[in-house]
Amino acid sequence: MSDITRDEVAHLADLARIDLSEAEIDKLAPQLAVILEAIDSIADVATDDIPPTSHAVPLTNVFREDVVRPGLTAEQALAGAPATEDQRFLVPRILGED
Amino acid sequence: MMDFDEALEQFDPALGLEVHVELNTATKMFCGCPAAFGGEPNTHVCPTCLGLPGSMPVVNGKAVESAIRIGLALNCSIAEWCRFARKNYFYPDMPKNFQTSQYDEPIAFDGYLDVDVEGETFRVEIERAHMEEDTGKSTHVGGTTGRIHGAEYSLVDYNRAGIPLIEIVTRPIVGAGVKAPLVARAYVQQLRDLILALGVSEARMDQGNLRADVNLSLAPKGSDRLGTRSETKNVNSFRSVERAVRYEISRHAAILAAGDAVVQETRHWHEDTGITTSGREKSDAEDYRYFPEPDLVPVAPSAQWVEELRGTLPENPTAKRARLQAEWGFSDLEMRDTVGAGALGLVEETIAAGAAPQAARKWWLSELARRANEEGVELSDLAITPAQVARIQALVDEGKVNDKLARQVFDGVLAGEGEPDAVVEARGLAIVSDDGALSAAVDDAIAANPDVAEKIRGGKVAAAGALIGAVMKQMRGQADAGRVRELILEKLGAGEG
Amino acid sequence: MSDLTRRSAAELAAALADGETSSVELTRAHLDRIAAVDGAVHAYLHVDAEGALAAARESDERRARGESASRLDGVPIAVKDVLTTVGMPTTCGSRILEGWVPPYDATVVARLRAGGLPLLGKTNMDEFAMGSSTEHSAYGPTHNPWDLERIPGGSGGGSAAAVSAFAAPLALGTDTGGSIRQPAAVTGSVGVKPTYGGISRYGLVAMANSLDQVGPVTRTVLDAALLHELIGGHDPLDSTSIDQPVPDVVGAAEQGATGDLRGLRVGVVKELTGEGYQAGVQQRFDETVALLVEAGAEVVEVSCPHFVHALAAYYLIMPSEASSNLARFDAMRYGLRVEPEGVEAPSAEEVMRATRDAGFGDEVKRRIILGTYALSSGYYDAYYGRAQQIRTLISRDFAAAFEQADVLVSPTAPTTAFKLGEKLDDPLAMYLNDLATIPANLAGVPGISVPAGLADGLPVGFQVLAPALADDRVYRVGAAVETALTGRWGGPLLDQAPALPTTEVAR
């Protein structure tokens, strides 16, 4: 199941928006392969008709009322921002269509 | 580009429409921040909609209720159990770099909307309606167009991030043939009417609370495969929907006829130039890695709740149209034109405000439709309300103004000068009902046109028209033409028998 | 007056009530202790002397008026740096959040403040809670107070080291795969993971949302119960929090302390003992089980056959959720922003990539890539999807086991504290530390680790698990073990810890 290649690692890093260096990819790929091999054991477990569990708690229908709750001031919201302008978050130029 | 009709001879179009409805709840989908339009940037935010580390979502029950009602109104099945899912992708207007949405478990699915297209009913199948959250808004700075290309940097406001959206997705719409553009437009218009009737959204395309993405593909005539589709965004009006479909049909046809392949991509509609341009490639490289949202628990609407909500639905649109047509006494053609113009709701409200059906129809479909066309806007975007239209008609009925003057009252209201009565007052448009003034004007006209007066005295009553015209001109139109005619004939001794 | 820092929180609360000491004195004593030993231990990433003393003063004023905000009013506490705190940085042990001061408190932090507990500071942890040794902190490791060349466990090594170095009477930790219980085991302290949903996660920077829980880190079982009672219970801001009152954990701890376990059925999980467990660890475990029998419990062996797949399932579910949770760290709204070298006018994308490469450590990157892989199209069914099915099987194993026993027991961790650096190059070997603790997170059941003795001079932990919502049971049994063993030892295990080298405290 799990022969993870260097190219795949590079592609995944791309999807995850991490600029891995060549050296990092070289180091990571074999480590991941080892981990994935260990994980492979689950392929043998019979799971037909077993429902997946996404939550340990059997809760459903947790809603809140449609009533305004106090939030943050703009100052608080922008406090940690690397850059701001006009009370907005300043971000570098965005590529691609909006 | 291939000619549209020629394209339809060779190809069958398949349409897909994705409409996003912004709900009018008081608060956002997953937090208690105001969902109100406007506001100073980044003042309607909290840890949750800002996606701050450690923050968690809590579902707005009212949004779920609205979603279920939309689903029911679209004849959908309502999920007995469904979950939210994360759609993972990176973009600066997305605070978490994933959107909390629904993936393979939408709250509503397998429905339809019967759309009236030129008097015929066309059933548009609805694949699903699901809940999701809106993104923040970026403005692009630097560069020349204010658009993304060439911008130096962007400024992001997260007030809009987290506002509830319902996404409604149709199944591929096939078999519309040459009517495809009309079907697309009619679907969006009538979907909008339905949303308004439900009261769950302002549903205005020009304000972004109703957004449509148009998907189109062509297949060779008679083929049962679907062709490669393109998705067109930035379609901001009903008219744009129709035009974009027409354009894409022509564009695809030209490509296919040349033996090339259509690129699967997202395109951008330009209303000013009437074309689409290429945007991102809608490729599989964008792997959204959907998985169930672990911070939220499943939504399992009880059968009882769903039935309660079913009881709150407005009348079925097809049944309603039939009922209204009968009530109003419209012919099939008149009804069809009204629906086609997107004026059904407006006419209905105008009648509710007191106008007679034919009068309401007349104003909306002729006078106001003309103005809307001139300005390039939808009827509903005109700066006049049904109540105001009804008032203007009432003024005509009362004899305060005539039809011609009424048009000037429309001018005034549309120009923002105020309510109809105020406009009449300010512009001095009221019909002069004082016989003395009229009489004097009639005398003047008779004196100025002796030959015509002679003819009338001689029994040629039809000639009175010229004198009426002269009087109306002198009175600047502010006279009741019927009364003027009476006075002329009285004075010239040629009154009706 | 005996050293205030050596007493349990319950004792300190009593001393405050008696007027023997004040919160200010107490807090100052701990700040002094931190200054004296934290140079060597490095349990803390941030100490807030001013804030803590201000809260201590308010506590004393309340007491003077005859008021009390809670049973622990005035007793200071340390908080794992993964929980948001207004006015104090929350780094999650990462460079990407260096210096980030949140504009809001986690619900549990708000409850601490409302309860009158002075917050001493934030404790060290593996970056974004990913690790079992606290060696993956971007700010340097924490050292085990029992042997400064050894790891204190992880990811919550800072909190465990703080209490076991007597640099805090109480601490908050978080547990996703054992990050409270395993550090407790290797430092000779007490750690509890509540039933999933039992304590609010609002303000807990998420690693794996379906597994994470906040819990108490203390030196005694009663202290853990008191803290659990204070911070637990429903939170409308956390959709996954249980809407039921907190079970009577304090009562259960007090009852367990009487040492009477008659009527209790104890299940020893076959798959969580034996091979893979250090000899001394196994021995202490067996001895402790014998103690339970002496106290009147009935012991049975149970089998949970799917537990052998728990590690695999965990290391698919957790990185998948984490990869999505950590996507928000993109240099746009808060945290580190790094521009790529040699690029003029970099795009947002380029800045995101460069920042995440610079700001995340190796283990975090490993898990993000792993998680991205497990969720990607074409792999979801085989990996994440399948792991969720294994999870169902594990829950069923627990359910079946709890038909035969009221609680399940195992060693908390397979080994005692290993040396710093020993397992850093072998991620898989590191993951094996969580073998016994992971199943409880997958099933959402509560668990406690209490000291069971020493093996080669290093602490061993005894784990007790109970069915979901039955948190009181782990406190009862944990207290019984504690009573029996401290009786044998003539005092808490931590009394046997070597004295730490101290730095002169300038006054």
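This is a predicted model: local features need pLDDT of at least 70, side-chain atom pairs count only at pLDDT 80 or more; totals for chains, interfaces and linings use all residues.
Between chain A and chain C the count of salt bridges is four, and 20 residue pairs, both members at pLDDT 80 or more, are in polar contact across the two chains. On the side of chain A that touches chain C, the elements giving two or more residues are helix H1 (6-15), helix H2 (22-39) and strand S3 (88-92) of chain A; of these, H2(A) gives the most, with ten residues. By class, that side of chain A has 37 nonpolar, eight polar and ten charged residues. The contact as a whole takes 55 residues from chain A and 56 residues from chain C, and the area buried between the two chains is about 5,000 Å², of which carbon and sulfur atoms give 66%.

Chain A also takes part in a sheet with chain B. Four strands form this open sheet in the order S2(A)-S3(A)-S9(B)-S8(B), with antiparallel pairing, and its edge strands, each of which pairs on one side only, are strand S2 (84-85) of chain A and strand S8 (137-141) of chain B. Within chain A, S2(A) and S3(A) run antiparallel and are joined by two bridges; A:Glu85 has A:Arg88, in S3(A), as its bridge partner.

For chain B, the domain assignment gives domain 1 (13-214 + 285-309), domain 2 (315-427) and domain 3 (435-491). The C-alpha centres of domain 1 and domain 2 of chain B lie 32 Å apart, and the contact between these domains takes 13 residues from domain 1 and eleven residues from domain 2. Together they bury about 970 Å², 41% of it on carbon and sulfur atoms; in domain 1, B:Asp116, B:Glu118 and B:Gln189 lose the most area to domain 2, together 34% of what that side buries.

Three salt bridges are counted between domain 1 and domain 2 of chain B, and a salt bridge is formed by the side chains of B:Arg204 and B:Asp381 (3.4 Å, N to O). Three residue pairs, with both residues at pLDDT 80 or more, are in polar contact across this interface. Strand S6 (108-117) and helix H3 (180-198) of chain B each supply at least two residues of the side of domain 1 that touches domain 2, where H3(B) gives the most, with five residues. The residues of that side divide into three nonpolar, three polar and seven charged.

Terms used
Residues are numbered from 1 along each chain as its sequence is written. Chains are lettered from A and ligands numbered from 1 in the order in which they are written. Side-chain values use heavy atoms; hydrogens and water are left out. Contact means heavy atoms within 4.5 Å. Buried area is the accessible area (1.4 Å probe) that two parts lose on being put together, summed over both. A polar contact is a pair of N or O atoms within 3.5 Å; within protein, one must be able to donate a hydrogen and the other to accept it, and residues adjacent in sequence count only if both atoms are side-chain atoms. Ala, Val, Leu, Ile, Met, Phe, Trp, Tyr, Cys and Pro count as nonpolar, Asp, Glu, Lys and Arg as charged, and the others, Gly among them, as polar. Two strands pair if DSSP finds at least two bridges between them. Domain bounds come from an automatic or database domain assignment.
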